[in-house]
Amino acid sequence: MPSETVRYDSQSVHTYLGLLQSVINRMASNSTACKTWCITIVAAAIVIIADKGKPNFIWIALVPILLFLFLDSYYLAQERCFRHVYDGFVSKLHSESATIQDLYVMKGLRGNSKTICSIFHAASSISIWPFYGLIIIMLVVVRFIILNELI
C-alpha cells in the first residue's frame with residue numbers, strides 16, 4: 001500500500017514546519033548566547049587578572065574561548081542539519097511527493113564521526129572563526145601590550 005501524500009495546506013504540515021523552524025531559531029539563539037557569554041567571561045577574566053597584576057594568567061581566558069567556540073560550532077552544525085531537514089521536506093512538498101511518514105521527522109546530528117565532522121565544518125563558518133579569532137587576537141594584544149604597560 002503506497003503512503004498517503006500530504007498537501008502543503010494541511011494543518012499537520014504547518015505544525016511540522018513550525019516545529020522545525022522553532023528548533024532552528026533555538027539553535028541560532030543558543031549560538032548568540034555563546035558569543036555573549038564568551039565575551040562576558042573573557043572580559044571579566046581580563047579585569048580580574050589585570051587587577052591582580054598577573055599578566056601570565058591571561059591564558060586562562062583561552063579555556064572559555066575554546067569551550068564556547070566548540071559549543072557555538074555545535075549549535076551551528078545542528079542548525080544546519082535541521083535546515084537541511086526543513087528544505088528537504090519543503091522540496092518534497094513542492095514536488096508533491098511528501099508523505100505522512102515524512103511528517104514529524106526531527107533528526108539532528110547522529111553518530112560521533114558525523115557530528116565531529118559537522119562541528120569542524122561549522123567552525124570554519126564566517127559566523128564562527130572571525131569572532132573567536134578576533135577574541136584570541138585581542139587576548140594576545142591585551143597580554144603583550146596593555147598588561148605589559150601596567151606592570
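A residue is called buried when its relative accessible area is under 20%, exposed when that area is over 50%, and partly exposed in between (1.4 Å probe, protein chains only). The model is predicted, so local features need pLDDT of at least 70 and side-chain atom pairs count only at pLDDT 80 or more, while totals for chains, interfaces and linings use all residues. Residues are numbered from 1 along each chain as its sequence is written, and side-chain values use heavy atoms, with hydrogens and water left out.

**Stop 1: the whole chain**

Begin with a cartoon view of the entire protein. The protein has four helices and zero strands, where helices (H or I, at least four residues) and strands (E, at least two) are DSSP runs numbered from the N terminus. Its pattern along the sequence reads α-α-α-α. The radius of gyration is 22 Å, well over the 15 Å that the globule rule gives for 151 residues, so the protein is more spread out than a compact globule. That radius is taken over C-alpha atoms, and the globule rule is 2.2 Å times the number of residues to the power 0.38. Along the principal axes, the C-alpha trace spans about 80 × 30 × 20 Å.

Of the 151 residues, 34% count as buried. Contact here means heavy atoms within 4.5 Å. Among contacts between residues at least 6 apart in sequence, 85% join residues at least 24 apart.

**Stop 2: Arg7 and Asp9**

Select Asp9, which is found in the segment before α1 (11-52). Arg7 is exposed, with a relative accessible area of 52%, whereas Asp9 is partly exposed at 44%.

**Stop 3**

Select Glu79 and Arg83, whose side chains meet in a salt bridge at 2.4 Å, N to O. Being four residues apart in helix α2 (residues 62-94), the two are separated by about one helical turn.

Next, select Lys92 and Asp102, where the salt bridge is 3.0 Å, N to O. This pair links distant parts of the chain, with Lys92 in helix α2 and Asp102 in the loop between α2 and α3 (112-123), 10 residues apart. Lys92 counts as partly exposed at 33% relative accessibility, and Asp102 is buried at 17%.

**Stop 4: Ser31**

Return to helix α1 and select Ser31. At 10% relative accessibility, Ser31 counts as buried. Which residues does Ser31 contact, leaving aside its neighbours within four places in sequence? They are Asp72 and Tyr75.

**Stop 5: the nonpolar cores**

A nonpolar core is a set of buried Ala, Val, Leu, Ile, Met, Phe, Trp, Tyr and Cys residues joined through side-chain atoms within 4.5 Å. Select Cys38, Val42, Ile46, Ile58, Ile65, Tyr132 and Leu139, which touch the most other members of the largest core, a set of 24 residues. The elements giving two or more residues to this core are α1, α2, α3 and α4, and α1 gives the most, with seven residues.

Now centre on Val42. Not counting residues up to four places away in sequence, Val42 touches Ala61, Pro64, Ile65, Ile135 and Leu139. Another core, of 13 residues, lies apart from the largest one and has Val13, Leu17, Leu20 and Ala98 among its members.

**Stop 6: the surface**

Finally, switch to a surface view. The protein exposes about 9600 Å², of which carbon and sulfur atoms supply 66%; accessible areas come from the Shrake-Rupley method with a 1.4 Å probe, and for residues only the protein chains shown count as cover. Select Trp59, Leu134, Ile137, Met138, Val140, Val141, Phe144, Ile145 and Ile146, which form a nonpolar surface patch with about 810 Å² of accessible area together. Patches are made of residues with over 30% relative accessible area and no salt bridge, with like charges joined within 9 Å and nonpolar side chains (Val, Leu, Ile, Met, Phe, Trp, Tyr) within 5 Å. End on Leu134, found in helix α4 (residues 129-150), which is partly exposed with a relative accessible area of 47%.

Methods: Salt bridge = Lys/Arg side-chain N within 4 Å of Asp/Glu carboxyl O.
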